[in-house]
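The account below keeps to what can be computed from the coordinates.

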Amino acid sequence: MKNRNLTTLFAMLALFGNTAGAQTYSLDSCLVLALRNDATIKNARIDMQIADEDSKYAFTKYFPNIAVNGTGFIAAKHLIRTEVPISSLSGGYNLPIIGGSSSTDIDITYKLNIIRQGVIGTVSAIQPIFAGGQIVNGNKLAALQQEVRRLQYEMTRDQVLQNVEDYYWQMVAVNSNIRSLDAADELLDSLEGVVRQFYDAGLATNSDLLTVELKKQETASLRLKVENGLELLRLVLAQLTGSDMDNFSVEMPDSIYTPDAPEEWYIEPSDAALSRGELTLADKAVKAENLQTKVERGKIMPTVGIGAVALGTYIDIQGGFDADKSANLLGIATVSIPLTDWWGGSHDIKKSKLSQMKAQNVKDDAYSQLQMDIRSSWNSLTEAWAQIDIASKNLESATENLRVIKEQFYVGIETTATMLEAVTSFTQAQATLASAQATYLSCLSTYKIKTCQK
């Protein structure tokens with residue numbers, strides 16, 4: 001278990017070097033397959049990529065806002081319509097008055113209609129100087145979200161690996177039960193032969209033969225249930241590893257090893273809880289609410305920007321007879337004060353502060369809950385360790401009992417029913433020990449994950 005990372009590396013190299021025909025996998029190979037193929041892990045990776053893109057998007061808010069606009073217009077009437085006195089243009093005319101001897105200045109007006117259609121184009125670039133901290137805090141929120149997604153990925157990965165180990169050791173335990181049934185079948189076959197000899201010799205009754213046959217049928221029925229359970233576990237493990245269910249098989253040991261006592265792995269719950277991803281996520285949630293409060297406050301603050309606008313116009317002056325083309329460059333500064341947003345913005349700020357208080361309460365509670373969870377996991381581990389000792393002693397007793405009863409049965413001291421009970425007790429003791437060993441390994445894996453031990 002201590003060399004899990006190195007063993008997993010070797011398993012990865014072996015997997016990548018296998019041909020398509022290789023379908024039997026060890027525990028470490030199953031872990032590698034789950035990391036590569038499990039759907040929840042894939043989605044967690046995608047969530048990290050989405051957070052990366054959000055962070056890159058938030059960073060673009062530091063850049064100038066560049067826009068290109070074009071407007072064409074056709075008016076129903078000329079935009080400028082006026083009457084211009086000709087006298088004001090040329091100084092007037094001296095026209096003679098018929099029948100008179102003197103002359104008088106007379107003003108003549110001219111109707112002037114101009115600008116009916118044209119095109120206006122602008123290119124603007126505005127660099128934000130101050131936006132109430134919205135850009136800065138928005139980038140901090142995006143960076144925080146990246147950290148959150150990474151933590152969620154790690155937690156998802158650990159949970160999937162835990163599930164793989166749980167189902168693997170369940171398969172090993174069930175497979176050990178099948179081997180126990182194999183041993184029981186051998187004993188029952190031998191017992192049936194002895195009882196039949198006793199029956200032929202008049203030392204046993206037909207009821208004794210029927211009793212042995214009934215026990216063999218019960219064992220066959222139990223085997224069917226156990227094999228169906230093993231098949232179900234195989235299918236679940238194939239699904240977790242993303243393997244072909246029809247051709248997936250697991251390499252299982254002939255016997256379950258028992259690692260060192262649990263004391264070697266013990267960590268104080270108060271210390272272990274500080275390293276848990278759940279507590280880190282709760283802390284990130286508090287920071288996120290704090291930043292969100294700053295963003296809400298920034299929405300009601302003035303925004304300042306500077307930039308330039310390139311302006312180009314093409315205006316038809318008099319219905320196609322004349323046109324004006326011009327271009328210009330303007331330097332601009334913008335200041336925006338969202339006065340009406342103050343009304344609702346103050347309430348948004350208060351809501352954000354309340355959400356921040358709520359997130360802090362969740363964090364404080366999470367620390368206590370995690371310590372309880374770690375203590376519970378430790379209790380389960382020590383209980384599983386104790387069960388191994390109890391099951392081992394029980395198997396020793398059942399083995400010795402079977403040996404004694406078997407000797408006495410062969411000399412005619414014990415009955416067939418007593419012999420069958422001894423066989424049943426021995427088979428159950430084997431299965432109980434295998435289950436206790438598998439449970440301990442599963443509990444150890446769970447405890448190491450809950451205490452962040454690799």
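Helices (H or I, at least four residues) and strands (E, at least two) are taken here as DSSP runs, numbered from the N terminus. The model is a predicted one, in which local features need pLDDT of at least 70 and side-chain atom pairs count only at pLDDT 80 or more, while totals for chains, interfaces and linings use all residues. Residues are numbered from 1 along each chain as its sequence is written, and side-chain values use heavy atoms, with hydrogens and water left out.

On these terms, the protein chain has 10 helices and 10 strands. The chain exposes about 26,500 Å², of which carbon and sulfur atoms supply 56%; accessible areas come from the Shrake-Rupley method with a 1.4 Å probe, and for residues only the protein chains shown count as cover. A residue is called buried under 20% relative accessible area, exposed over 50%, and partly exposed in between (1.4 Å probe, protein chains only). Contact means heavy atoms within 4.5 Å, and among contacts between residues at least 6 apart in sequence, 82% join residues at least 24 apart.

Helices α8 (277-299) and α9 (341-410) each supply at least two residues of the positive patch. Lys 294, which lies in helix α8, is partly exposed, with a relative accessible area of 34%.

The charged pairs come next. A salt bridge is a side-chain nitrogen of Lys or Arg within 4 Å of a carboxyl oxygen of Asp or Glu, and a search of the whole structure finds 21 salt bridges. One of them joins Asp 189 to Lys 216, with the closest N and O atoms 3.0 Å apart. This pair links distant parts of the chain, since Asp 189 is in helix α5 and Lys 216 in helix α6, 27 residues apart. Asp 189 is partly exposed at a relative accessible area of 43%, and Lys 216 is partly exposed at 23%.

Glu 192 also lies in helix α5 (residues 134-200), and at 17% relative accessibility Glu 192 counts as buried. Not counting residues up to four places away in sequence, Glu 192 touches Leu 209, Val 212, Glu 213 and Lys 216.

Helix α6 (residues 206-241) is also the place of Lys 215. The side chains of Lys 215 and Glu 218 meet in a salt bridge of 3.2 Å, N to O, and both residues lie in helix α6, 3 residues apart, about one turn of the helix. Lys 215 is buried, with a relative accessible area of 19%, whereas Glu 218 counts as partly exposed at 41%. Leaving aside neighbours within four places in sequence, Lys 215 is in contact with Leu 188, Leu 420 and Thr 424. Elsewhere, Asp 182, Asp 185, Arg 223 and Glu 227 are linked in a network of salt bridges.

Arg 276 and Asp 373 form another pair, their side chains meeting in a salt bridge of 3.3 Å, N to O. Here too distant parts of the chain are linked, with Arg 276 in the loop between α7 (269-274) and α8, and Asp 373 in helix α9, 97 residues apart. Arg 276 counts as buried at 6% relative accessibility, while Asp 373 is partly exposed at 26%.

Two further residues complete the tour. Ala 44, in helix α3 (residues 39-59), is buried, with a relative accessible area of 8%. Apart from neighbours within four places in sequence, Ala 44 is in contact with Tyr 153 and Thr 156; the C-alpha atoms of Ala 44 and Thr 156, 112 residues apart along the chain, are separated by 7.3 Å. Cys 452, in the segment after α10 (416-450), has a positive phi of about 60° although it is not a glycine, and Cys 452 counts as partly exposed at 36% relative accessibility.
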